[in-house]
Amino acid sequence: KGEIPSNYELFIKNYEILKNEWVNVRNIIINKPILMISSNLENLVNEFVKEFSGKILNVKYIISSLDIYKVIIEKITSLRSYVSLHISGDSIDEVNQVRSAKASMRFQSISKLLSFYSLELKNLNDEILKEASNLSSEYSLYLKEIIDEKSHSLHPEVEKAFVSISSILGLPYQSYNRLKLADMKFNDFIVDGNNYPNSFTLFEN
């Protein structure tokens, strides 16, 4: 798809490392392996920034960058989901809290590095974005959303500032969830002589 960036081979190498380690992600139960996977993700993000920051000027580069950006977002989403499992299961456990806090700091750092991307796309002419959208059905919706958001965007430096403090802005909701679940008990219950296990997740579902 489009013009192949000069460091494409490096992207693929980092992606393969990340993919191979992700096969065993379900077995991760301590901080070190999580941080190792995060480090490889950060390597991919750093190369992405180096290759595309300030260089997205035409349709071919838009599509080439989106190919890599998609991989990065997929891995961020998967890693975020896994990290949330422990804290969701026991939000008052100190080990889970530390693990979640460390992961949040890494994710915040990654988000800050990636913040340039949507801002640079929004600075492009609508005609260029529409042309890229027409050439790639896979990224068409995302590019149309970029066009729609342009009229509501703040100054680039303000947008970057919001990304930098995103974790702080989310603290009230995190605290609410932690306090809400800290003393809640969901006991098993009996119906017609049958005992049914219960938990926060089972209760919600």
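User: What share of the residues in the protein is buried?
Analyst: Buried residues account for 32% of the 205 residues. Keep in mind that this is a predicted model.

User: And the surface, how much of that is there?
Analyst: The accessible surface is about 12600 Å². Carbon and sulfur atoms hold 56% of that surface.

User: What is the secondary structure?
Analyst: The protein has 10 helices and two strands. Along the sequence the order is α-α-α-α-α-α-α-α-α-β-β-α.

User: How much of the contact in the protein is between residues 24 or more positions apart?
Analyst: Such pairs make up 70% of the contacts that have a separation of 6 or more.

User: Let's look at helices. How do α3 and α4 cross?
Analyst: Helix α3 covers residues 59–89 and helix α4 covers residues 94–122. Their axes come within 11 Å and cross at roughly 160°. α3 is therefore roughly antiparallel to α4, since an angle over 145 degrees counts as roughly antiparallel.

User: What hand does that crossing have?
Analyst: α3 passes α4 in a left-handed crossing.

User: Which residues make the contact?
Analyst: From α3 the list is Ile 62, Ser 65, Leu 66, Tyr 69, Ile 72, Ile 76, Leu 79, Arg 80, Val 83, His 86 and Ile 87. From α4 it is Asn 96, Gln 97, Arg 99, Ser 100, Ala 103, Phe 107, Ile 110, Ser 111, Leu 114, Tyr 117 and Leu 121. By class, the contact of α3 with α4 has 14 nonpolar, six polar and two charged residues.

User: Now α5 and α6. What angle and distance do they have?
Analyst: Helix α5 (residues 126–135) packs against helix α6 (residues 140–149) at an angle of about 165°, and the axes are 8 Å apart. α5 and α6 are therefore roughly antiparallel to each other. The crossing of α5 past α6 is left-handed.

User: Which residues touch there?
Analyst: α5 contributes Asp 126, Leu 129, Lys 130, Ala 132 and Ser 133. α6 contributes Ser 140, Leu 143, Lys 144, Ile 146 and Ile 147. The contact of α5 with α6 divides into five nonpolar, two polar and three charged residues.

User: Switching to single residues. Where is Ile 56?
Analyst: Ile 56 sits in the loop between α2 (31–52) and α3.

User: Buried or exposed?
Analyst: Ile 56 has a relative accessible area of 2%, so Ile 56 counts as buried, the cut-off being under 20%.

User: What does Ile 56 touch?
Analyst: Setting aside residues up to four places away in sequence, Ile 56 touches Tyr 61, Ile 62, Ser 65, Tyr 117, Glu 120, Leu 121 and Leu 124. Ile 56 and Leu 124 are 68 residues apart in sequence, with 8.5 Å between their C-alpha atoms.

User: And Ser 115, where is that found?
Analyst: Ser 115 is in helix α4. Ser 115 is buried, at 12% relative accessible area.

User: Which helix holds Ser 109?
Analyst: Ser 109 is in helix α4. Ser 109 has 36% relative accessibility, so Ser 109 counts as partly exposed.

User: How far is Ser 109 from Val 163?
Analyst: Ser 109 and Val 163 are 54 residues apart in sequence and 9.3 Å apart in space, C-alpha to C-alpha.

Note on methods
Residues are numbered from 1 along each chain as its sequence is written. This is a predicted model: local features need pLDDT of at least 70, side-chain atom pairs count only at pLDDT 80 or more; totals for chains, interfaces and linings use all residues. Side-chain values use heavy atoms; hydrogens and water are left out. Axes are lines fitted to C-alpha atoms, for helices over the stretch in contact, and angles run from 0 to 180 degrees between N-to-C directions. Helices (H or I, at least four residues) and strands (E, at least two) are DSSP runs, numbered from the N terminus. Angles under 35 degrees count as roughly parallel, over 145 as roughly antiparallel, 65 to 115 as roughly perpendicular and the rest as oblique. A crossing is left-handed if the near helix is turned anticlockwise from the far one by less than a right angle, and right-handed if clockwise. Contact means heavy atoms within 4.5 Å. Ala, Val, Leu, Ile, Met, Phe, Trp, Tyr, Cys and Pro count as nonpolar, Asp, Glu, Lys and Arg as charged, and the others, Gly among them, as polar. Buried means under 20% relative accessible area, exposed over 50%, partly exposed in between (1.4 Å probe, protein chains only). Accessible areas come from the Shrake-Rupley method with a 1.4 Å probe; for residues, only the protein chains shown count as cover.
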